[in-house]
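Me: Hi! I've got a structure open and would like to walk through it with you. Can we start with what's packed inside?

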Amino acid sequence: MMGYFRDNVERIAGYTPGFQPKATDVVKLNTNENPYPPSPEVMRALADIRAEQLRRYPDPLGNAFREAAAQVHGVAPENIMCCNGGDDLLSIAIRAFCDIGRPVAYPVPTYTLYPVLANLEDCPAIEIPFDEQFNLPAGLVKTGAALTIVCNPNAPTGTCVPVEELASLADELTGALLIDEAYVDFADRNGIELVREFDNVILLRSLSKGYSLAGLRFGYAIAHADLIAGLVKVKDSYNVDAVAIALATAAIRDQAYFKTNVAKVRADRAILTEGLKSLGFEVLDSSTNFVLATVGAKHFSPLRVGQIYEELARRDIYVRYFDVPGLDDKLRISVGTKQQNEKLLAALKEILG
Ligand SMILES: Cc1ncc(COP(=O)(O)O)c(C=O)c1O
């Protein structure tokens with residue numbers, strides 16, 4: 001490197017986002033986007049954007065969205081903070097709670113952005129392994145971390161821990177607990193009750209998955225009003241733009257479309273899971289819009305998982321492969337449309353013979 005940067009910036013490789021192929025006629029199941037379009041109300045709101053909204057700075061707090069989201073969740077607008085995607089909240093939280101003497105802790109394997117953000121703040125990252133069934137590790141409560149993150153449902157496993165266990169964790173921790181619920185729209189339960197009960201819980205929500213708006217970059221925090229007030233001090237003054245506020249507000253107001261969209265993905269997830277199992281994959285029960293498929297012993301050798309991934313890519317079908325211990329016998333596959341899922345299953349059948 002050049003020698004101009006802080007040591008920790010020189011040291012880290014940075015986060016590697018999933019591959020974004022240029023062609024649009026490919027089967028793209030590698031970055032957990034929703035395969036269906038956003039609500040028509042979002043496109044109407046986009047058409048209604050006026051020049052005046054672009055000339056002026058946006059509302060720093062995105063109050064129109066806060067009010068709409070508060071209504072949906074049965075909380076007050078003061079319990080909501082808008083973010084430039086859920087990733088923005090992760091970055092704000094680590095800057096707000098952590099430094100060299102104030103570690104972050106989280107179970108692993110999980111979202112690989114957490115250690116990158118921790119490194120940038122010179123903050124020690126305490127990684128506690130999940131057990132084989134991906135239960136919440138008992139050691140998480142004893143770390144003394146300033147911030148504990150639990151991704152629930154977890155990525156890349158798709159598994160969920162019960163809300164009751166998160167309640168016990170929140171109760172026992174001395175620091176803040178951020179529950180990364182980026183995928184919770186596809187799960188049976190969420191942690192909203194914890195925000196009412198505990199003053200140290202922050203829920204992360206994203207409009208990228210359940211609302212089909214990954215390109216918009218919009219997420220939000222739900223937490224006790226005092227926690228939100230602290231986080232607001234750390235965020236960029238105008239962290240969400242005027243167009244994003246207007247479109248995200250339209251999206252969250254259209255709960256009927258959102259519910260139908262999520263139900264379609266959940267139904268397709270069940271069919272995809274069964275299809276993969278019938279090809280000899282072991283598939284964990286998923287509470288997300290992706291599945292983690294382990295290539296069973298029957299297929300593991302001689303066709304290694306990396307090769308299956310390559311063979312799929314050759315057919316313009318993109319899934320995610322993590323070439324790291326513990327995950328290198330698995331493929332993470334986003335739930336696509338019915339047709340995309342069928343194409344994937346047909347290709348796998350051909351590749352595996
Ligand atoms: C576990 C997890 N958390 C948070 C995010 C952030 O989502 P976004 O910044 O698109 O809202 C992602 C994105 O894929 C994720 O996988």
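Reply: Happy to! Keep in mind that this is a predicted model. The largest nonpolar core has 104 residues, and Val-104, Leu-147 and Ala-221 touch the most other members.

Me: Which helix gives the most to this core?

Reply: That's helix α10, residues 242–253, with 8 residues. The core also draws at least three residues from each of domain 1 and domain 2.

Me: What does Leu-147 touch?

Reply: Leaving out residues up to four places away in sequence, Leu-147 touches Ala-93, Ile-94, Phe-97, Cys-98, Val-104, Gly-175, Ala-176 and Leu-178.

Me: You mentioned domains. Where do they run?

Reply: The domain assignment gives domain 1 as 7–36 + 257–352, and domain 2 as 40–254. Their C-alpha centres lie 25 Å apart. The contact between them takes 27 residues from domain 1 and 25 residues from domain 2.

Me: Which elements are on the domain 1 side of that contact?

Reply: Those giving two or more residues are α1 (7–11), α11 (255–278) and β10 (290–295). Of these, α11 gives the most, with 6 residues. By class, that side of domain 1 has 14 nonpolar, 10 polar and 3 charged residues.

Me: Switching topic: which residues of helix α7 are buried?

Reply: In α7, residues 163–172, the buried ones are Leu-166, Leu-169 and Ala-170. They cover an arc of only 100° around the axis, so they sit on the same side of the helix.

Me: And what's on the other side of α7?

Reply: There you'll find Glu-164, Ser-168 and Glu-172, which are exposed. The buried residues, in turn, pack against β5 (147–151), β6 (176–180), α8 (192–197) and β7 (201–206).

Me: Got it. What about the ligand, which residues come nearest?

Reply: Of the 13 residues around the ligand, those are Gly-85, Gly-86, Ala-182, Ser-206 and Ser-208. By class, the shell has 5 nonpolar, 6 polar and 2 charged residues.

Me: I clicked on Asn-84. Where is it?

Reply: Asn-84 is in the loop between β2 (80–83) and α5 (86–97).

Me: Why does Asn-84 count as buried?

Reply: Because Asn-84 has 20 C-beta neighbours inside 10 Å, and 20 or more is what a residue needs to be called buried. Not counting residues up to four places away in sequence, Asn-84 touches Arg-217, Asn-239 and Val-240. Also have a look at Phe-218: Asn-84 and Phe-218 are 134 residues apart in sequence, but 4.8 Å apart in space, C-alpha to C-alpha.

Note on methods: Residues numbered from 1 in each chain as written. Predicted model: local features only at pLDDT ≥ 70, side-chain atom pairs only at ≥ 80, totals over all residues. Buried ≥ 20, exposed ≤ 12 C-beta atoms within 10 Å, placed from the backbone. Helix = DSSP H or I, 4+ residues; strand = E, 2+ residues; numbered from the N terminus. Arc of directions from axis to C-beta. Contact = placed C-beta atoms within 7 Å. Near = placed C-beta within 6 Å. Nonpolar A, V, L, I, M, F, W, Y, C, P; charged D, E, K, R; others polar. Domains from an automatic or database assignment. Core = buried A, V, L, I, M, F, W, Y, C linked by C-beta atoms within 7 Å.
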